[in-house]
Amino acid sequence: SFARPVLRMPRPLRATNSPCRTTSSMPFSPKTTRPLTLSFSKRSLGVGAERLPTVEDVRKADFEDSIAIGTVIADKLSSKSGSAQEIVEALLETETGARGFFVSFLTAEDEDGGSVAADRDPPLPVVQNAITNADVNVVGPLLVMNTVMPTAMVLAHNRAGNEENAGMSQIVADRASILLKNAPKSHDFVKAAIEAAQASGSEGSDEANTNPDLAGYWTNFYSRWGYDAEQRAEIAKVLATIVN
């Protein structure tokens, strides 16, 4: 039932002309993180600084600085140094902060090619608790987007013969799926996204929408990004593994 909290959808992300292109508005573009991290470090933390960003830093940050702060936190979580609970919770208070955190956390890389904090299943308690305590209307849609969009991009990159980018998108989709699977309060958004993906491939379905507003949002979302029938079918398949 969708009667449990009143769920709201975020403002739509701005789409590009091609679903294969990534922009800073998309939640899984790893190329945006490194220079922004250096910029934030020089301006606010000092290069090589040991201290974590503060809650005050987070609340003053715009989207790009939120990405940078998220990268610092992701590195700390992966190295198991420092306490970041308050910082992660502060990032997840707003859509801007949450988007920035997920960009950094889900695209984190280990210099030696090993696993990072985002690969943990179940998630690290600091991340799990922050998501659980956050407003579901902030984190729920973003967790779904961070699963849906790279899932669609895996197919797009494979069609273009770009195995490297397909692999990167798959890693992000897998990591986002872990977070979403362990965020049951967000599963109403998942069910609506599945419904929209399935309905788009079956003209004239007599099945009533569980939640027309949410399903309608995701239907428009898929159309806006130009996802075709194969991509929508894969999205529905991946999301179904999360709630089943």
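Visitor: Why is Y222 called buried?

Guide: In this predicted model, Y222 has a relative accessibility of 0%, and because buried means under 20%, Y222 counts as buried.

Visitor: What makes W218 and F221 count as buried or exposed?

Guide: W218 has 0% relative accessibility, and F221 has 0% as well, so with the cut-off for buried set at under 20%, W218 is buried and F221 is buried.

Visitor: Why is the pair of W218 and F221 called edge-to-face?

Guide: By the rule that pairs rings whose centres lie within 6.5 Å, the count comes to eight aromatic pairs. W218 and F221 form an aromatic pair with 5.3 Å from centre to centre and 70° between the planes, and because planes over 60 degrees apart count as edge-to-face, that is the name this pair receives.

Visitor: Where do W218 and F221 lie in the chain?

Guide: Both lie in helix α10, which covers residues 212–224, and they are three residues apart, about one turn of the helix. F221 also forms an edge-to-face aromatic pair with Y222, at 6.3 Å centre to centre and with 75° between the planes.

Visitor: Which residues form one aromatic cluster?

Guide: The cluster is formed by Y217, W218, F221, Y222, W225 and Y227.

Note on methods:
Residues numbered from 1 in each chain as written. Predicted model: local features only at pLDDT ≥ 70, side-chain atom pairs only at ≥ 80, totals over all residues. Heavy atoms only, no water. Phe/Tyr/Trp six-rings, centres within 6.5 Å; stacked < 30°, edge-to-face > 60°. Helix = DSSP H or I, 4+ residues; strand = E, 2+ residues; numbered from the N terminus. Buried < 20%, exposed > 50% of the residue type's maximum accessible area, 1.4 Å probe, protein only.
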